[in-house]
Amino acid sequence: MSAGLAWLASFRLRILFRGAFLLLALAVLTMAVTVLQEEKQRSYDTYQASFAKTKEQIAARLRHPAGQLALLNPPRGTEPGNPVRPVVLPFSGIDFDDQNKVRHAVEMAGCLVQYRNYGSLCVAIGNNPWAGGFIYAAGTFASAPLVAHRIGDELLDGAHRLRVSVALRGETYRWLAPFEPLAAPSRPPNEGVRGRFTGYVEVDERDYSGQKPVKEFRGWVWQSGVCLDAQDEVANCQRKSFFSLRLPIEVLSQALLHGKRPPWPPPDLDQFRVRLEVLPPGDAPALFDSNEDGALPPFSLNDLTSLLLPGETLSVRKGVAGKDIEVAHLRGQDDALEAFSPLLTRLIRKLPVDTYDAPVELVDEVATPLGSYQIVLRGDARSVNRTLSAVATRVSWFVGAMLLAIAVAWLVIEAGIIRRITRLTRRASDLSRSVQTTGGLERFDLADLRGSDELGILANCLNELLRRAKEDAERERIRAEQEKDQWHAVGHEIMSPLQSLLVLHGDPDDPSHRYISRMQQAARILYGGASPSEAFQSSSIEVLSVDLAEFLQHVADNAGFADLSYCPAEGPVLVRADEYALEDVFTHVLKNAERCRRPGTPITMTLQTSDTAATVSIHNVGKPIPDELLERIFEYGVSDQIESGANGNRGQGLFVAKTYMAKMGGTIVASNAEDGVSFVLTLQRVRSGAGRM
C-alpha cells in the first residue's frame, strides 16, 4: 500500500468512528428537541382547553348564590373575621322566623364564618333598601341544655343569653337577649327545644328592673335534642343550637324616611362592626365569641386565585353610570419553587407550534340582583414555556449524562483503538518505504504496540513476523558474505601455486608463462572481490535447544582462565543456540576480557532469565571502551588497541561473536560500567516441548 493510500485509509477510519459518534450525539439532541416540540404542542393544546374550562368554572361559581355573595361583597383589603362585617345578601331579606328558611338562605349564600366548637355566624343585610334598616345575624353554637330566663326576674345572668353590639357611623348599639322558651305541648327529648331571644338594651348594672324589651329586636333559637357526642347520654350533654336575629339599626331606618331611594348597599358597609357573644348562666366565659381568632371566612373572590395558572389574570367589572368599574383583579401565583433554565426557555420559545405565542382572553357576564358583572379572564400561553422549561431542566441532566457517556466511549475508542491503528498503519507504511529504498529493517520495532486485545495480538504477530524477516535478511546477508569469503579463500589457494608455477616458468618466452598469467588474471577477476568477513558470515550453524546453565558451568570449568567466577542457576535454562558456535562466542568474549582486565581482578559471569529470554553478563575490571568505539567494536577489523595488527589481533573475535549470536537469533552488546566493561549476551528461551529449530 502506498503512503497516500495508507494515510487515506487511516483518515477514512477516523471519519467512520468519529462520524458514528457524532451522529449518535446528534440523534440524542434531535430526539430531545423533537420530544420538547411535541410536548410544547401538546401543552399548548391542553392549556387552551384548560383555559376555557377554567373560565366556565369561574362563571359557574359566580352564578351560584355563594358566588353572587362574593360579587356583591368584593374584597376590600380585609376579609370577614375579627370583628365581623355585614355582607350584602343576594336576597332582599331573610325570613328569620322560620328555621328551615333561614338555614337554607345562609347555607345557599355561603355567608357563614366558621369557628371552632361547632360555632358559625352570618351577619348580613338585604339587597333591597325597602326591606327595612335591619341587620340579620344567623349561626350556630354548642352548649349544654339552654337555661331559660324566668319572666319577672330582674337579673338576666341566670340564663343563657346573647350579647350583641353593632358599631357604625359613630353610633354603637348594644343588646342583651336572654333565652325564653316557647310554650308548646310536651315533645320527646330528642326533638329539642325552641325558644326566642328577647332583646334588652344593655345596661351597666345587672338589675334590669323596669327595662322593656326592644320591640324591633327579634331572635329565635332552635336547640337539637341529640347530643353532639353520640356516646354521651347524660342530660346536660353538649347540644348544637341554631339561632337567627333581626337587629334594628335606627340610622339605617331613618335613611328610608327621607323619601328618596338611599344608596344601597351602604357605601360605608365595610366600616360596620358587629360582635355577638353567647353567654352561659353566671359569670363563666362566653360559649361563643365572634371576635375569636382563627375563624374561617366564607368564599370570596380571592379564592378564585387558586383556579388561575401562573400568568393568568381575572378582572371583575361592574357597570355603574355608564362606566365599567373594576371591583376585583386577581392574578395567578407564580410557582417560584420550580427552577428552570433561561437557555432552555429561549429554545422552547423558538420551537414552532400551531398556536401563537400570545395572550388569550375570554369574557363572560354574571347577573345579580344589584346589576350585571363582567368577568374577563386573560391567559398567557407563554407560561407553558416556563413550565415546560422547568420539566426540561430536570430531564436535561439525563440527556447530558447520555452525551457524556457517548463522549467517554468515543475517547476510549479513540485512545485505545484509533490511535493504535494509526500508529500501526504509519509504521507499516514507513517499513514498506524503507524496504523499497534501503532494505533496512533494524530500526523498526512494534513491541510497544503489543497487548492482550485484538490490536495487541495483531501487533505481536507483526512484530514476530518482522523479527523473523530481520533474521532471514541477516542470514541471507551472512550467506552472501560467506559465499564471497569462500570464493576468496579458494582464489587465495589457487593464486599461491600459480605464483609458484609462475616463478618456475618465469621466462616470458615460455608458453607456460603466458597461460599461467592468464590463469592469475582470471582468478583475480573471479575471486578478488571476496573478504574474510564474508566467509565468516556465510558459515552455516545448526540451532538446537541448549541448556545455557549447564553450558556456562562447563565454560567456567574448562575455559582455562584464572579467577573466572560463575553463580550456577537453579534448574535448566533452555535457549535456541548452536553449542559449537556458542562456545566460539564465549571463547572470543572471554579472551577479550582476559586481555583487557586489570591484573589480579576476577571475570564474572551472571545469568538472568525472563519469560522469553536469557541474558548472560560477562564483566571484567579494567579500562573502559572509548565511547566512539562502543558501537563499532563488533565490526570486522575494528580493535581498541593501536597495534592490534602487529600483535596478531585483527579485530575479528568480537565480529565472529556478534555474527554467530545473530545467526542464533540473539544479541550481544558492550557497555562501560563504573569499574570496567560488561558484555551482555541475550538468547531466546525455548518454550516447553520445543526441539530442534
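This is a predicted model: local features need pLDDT of at least 70, side-chain atom pairs count only at pLDDT 80 or more; totals for chains, interfaces and linings use all residues.

Biologist: How far apart are the sulfurs of Cys111 and Cys122?

Modeller: A disulfide is called when two cysteine sulfur atoms come within 2.5 Å. Cys111 and Cys122 meet that cut-off, with an S to S distance of 1.9 Å.

Biologist: Is Cys111 buried or exposed?

Modeller: The cut-off for buried is under 20% relative accessible area. Cys122 passes it at 2%. Cys111 has a relative accessible area of 4%, so it counts as buried.

Biologist: How many disulfides does a search of the whole structure find?

Modeller: Besides Cys111–Cys122, Cys227 and Cys237 form a disulfide, their sulfur atoms 1.8 Å apart. Numbered in sequence order, the bonded cysteines pair 1-2, 3-4. The search of the whole structure gives two.

Biologist: What is the handedness of the link between Cys227 and Cys237?

Modeller: Cys227 and Cys237 are both buried. The angle about their S-S bond is -75°, and that link is left-handed.

Biologist: Which strand holds Cys227?

Modeller: Cys237 is in the loop between S9 and strand S10 (239–248), and the two cysteines are 10 residues apart in sequence, so the pair ties those parts together. Cys227 itself lies in strand S9.

Biologist: Is Cys567 buried or exposed?

Modeller: Cys596, with a relative accessible area of 24%, is partly exposed. For Cys567 the figure is 58%, and over 50% means exposed. So Cys567 is exposed.

Biologist: On to the backbone. What is the phi of Tyr118?

Modeller: Most residues other than glycine have a negative phi. Tyr118 lies in the loop between strand S2 (113–114) and strand S3 (120–125), and is partly exposed at 45% relative accessible area. Although not a glycine, Tyr118 has a positive phi of about 65°.

Biologist: And where is Arg169 found?

Modeller: Arg169 also has a positive phi, near 45°. With a relative accessible area of 43%, Arg169 is partly exposed. Its place is the loop between strand S5 (161–168) and strand S6 (171–181).

Biologist: Which residues is Asp578 in contact with, leaving aside neighbours within four places in sequence?

Modeller: Asp578 lies in the loop between strand S19 (574–577) and helix H11 (579–596). At 10% relative accessibility, Asp578 counts as buried. Its partners are Ile541, Glu542, Val543 and Met664.

Biologist: How many of the residues of helix H12 are buried?

Modeller: H12 covers residues 653–663 and is mostly covered. Leu654, Phe655 and Tyr660 are among its buried residues, and the helix is followed by Gly665, with a positive phi near 80°.

Biologist: Last one: what percentage of the 693 residues in the protein chain is buried?

Modeller: The chain has 12 helices and 23 strands, and exposes about 38,600 Å². The buried residues make up 40%.

Technical notes: Residues are numbered from 1 along each chain as its sequence is written. Side-chain values use heavy atoms; hydrogens and water are left out. Buried means under 20% relative accessible area, exposed over 50%, partly exposed in between (1.4 Å probe, protein chains only). Helices (H or I, at least four residues) and strands (E, at least two) are DSSP runs, numbered from the N terminus. Contact means heavy atoms within 4.5 Å. Accessible areas come from the Shrake-Rupley method with a 1.4 Å probe; for residues, only the protein chains shown count as cover.
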